[in-house]
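Here is a short walk through one model. Keep the sequence and the coordinates open as you read.

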Number of protein chains: 2
Amino acid sequence: MDLLKKRIQSDGQVLNDSLLKVDSFLNQQIDPQLMLKMGEEFAKRFSGESITKILTIESSGIAVSVMAGLILNVPVIFARKKKSVVSNEALYCTTVYSFTKRESNNIIVSKKFLQEDDHVLIIDDFLANGEAATGLASIVEQANAKVTGIGIVIEKSFQPGAQKLLQAGYRVESLARIASFSNGQVNFL
Amino acid sequence: MDLLKKRIQSDGQVLNDSLLKVDSFLNQQIDPQLMLKMGEEFAKRFSGESITKILTIESSGIAVSVMAGLILNVPVIFARKKKSVVSNEALYCTTVYSFTKRESNNIIVSKKFLQEDDHVLIIDDFLANGEAATGLASIVEQANAKVTGIGIVIEKSFQPGAQKLLQAGYRVESLARIASFSNGQVNFL
């Protein structure tokens, strides 16, 4: 998606040979117009599928997912990273390790939001080692629902996540695929 | 806002005399069409102001804020509840106590996203004791920017937050104002 790639090149900051910071339009400050365009792009790429729900994870996946949900006219569920006191009903749960934050989190989704006949589009901001996407897929499968596909904003193709998800049989659609970072520059696939 | 009030009455769960659960359309599952309508309503109520940015807090404030940002055509910033490893620059920080979760969190915003000439609309999902909104306002004021107003999805008017914010001189616009819960029912103001 050219609009996104240009934005990464103009506003992204390459922190080292594996970390890209895009907090000026995605991870802390959000550009709503760009989110809408990305939501439209996900909706277009998965237009042949009968998606019934979108599943993402707090916090950076929410904005783009809500825009995709607006276009596809389906609810968006976001997995929470820990149990809140208000919640006391049955939960789907799995553990996700974040290499960036160097910590493991339980991610949880209330069982009432996923049914066996759901066709779920998983959306997340980054795909690196595939931990979050694999965790979200595990939650969908715990519900005996179907993972229709995985939509990713920024795929770091030099890390093993995309390959891992493809090998597991998932359809992966990434809006920007990064081959490498070199001298502070982003090289797309 | 009638659409929201009807949704609270049909889908909200009154847990006790002060807690309302709306995780089927706002706090875990999100209804994107409702978020758009609420974003439009905030944009309408604050249309006379020259808002330059929206500030919210992860996670439940993000969806409606992004819709308001889409209509008002301004960036949305979400305060994070703790410092992530990627972030190493200057931050605005304050402490917010959550009565629901019974915990204190540091909330942080990168300094680069708020400037002195910003006119900021603060948006959050719930207003009860006013802790989160007060914390967000403090961050805006640390930046010497202006709090143009505070937009709330659900105000629990029987708790002290709204009064506290009004007394502090802020304009508060709540889409649904709850007078009380009685026998599992929601009574609006």
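Contact here means heavy atoms within 4.5 Å. The model is predicted.

Start with Asn27(A). Setting aside residues up to four places away in sequence, Asn27(A) touches Val22(A), Ser60(A), Asp125(A) and Phe126(A), and also Phe78(B) and Arg80(B). Asn27(A) sits in helix 2, residues 23–27 of chain A. Is this residue buried or exposed? Buried means under 20% relative accessible area. Asn27(A) has 13% relative accessibility, so it counts as buried.

The UniProt annotation "binding site", from an unreviewed entry, covers Asn27(A) along with Leu20(A) and Lys156(A).

Turn to Leu20(A). This residue belongs to strand 2, residues 20–21 of chain A. Its relative accessible area is 5%, so Leu20(A) is buried. Which residues does it meet, beyond neighbours within four places in sequence? Leu20(A) is in contact with Ile8(A), Gly12(A), Gln13(A), Val14(A), Phe126(A), Ile154(A), Ile178(A), Phe181(A) and Val186(A).

Val186(A) and Leu20(A) are 166 residues apart along the chain, yet their C-alpha atoms are separated by 8.7 Å. Val186(A) has a relative accessible area of 8%, so it is buried. Not counting residues up to four places away in sequence, Val186(A) touches Ile8(A), Gln9(A), Val14(A), Leu20(A), Ile178(A), Ser180(A) and Phe181(A).

Key:
Residues are numbered from 1 along each chain as its sequence is written. Chains are lettered from A and ligands numbered from 1 in the order in which they are written. This is a predicted model: local features need pLDDT of at least 70, side-chain atom pairs count only at pLDDT 80 or more; totals for chains, interfaces and linings use all residues. Side-chain values use heavy atoms; hydrogens and water are left out. UniProt positions are given in the numbering used here, feature names are shortened, and annotations may be inferred rather than shown by experiment. Helices (H or I, at least four residues) and strands (E, at least two) are DSSP runs, numbered from the N terminus. Buried means under 20% relative accessible area, exposed over 50%, partly exposed in between (1.4 Å probe, protein chains only).
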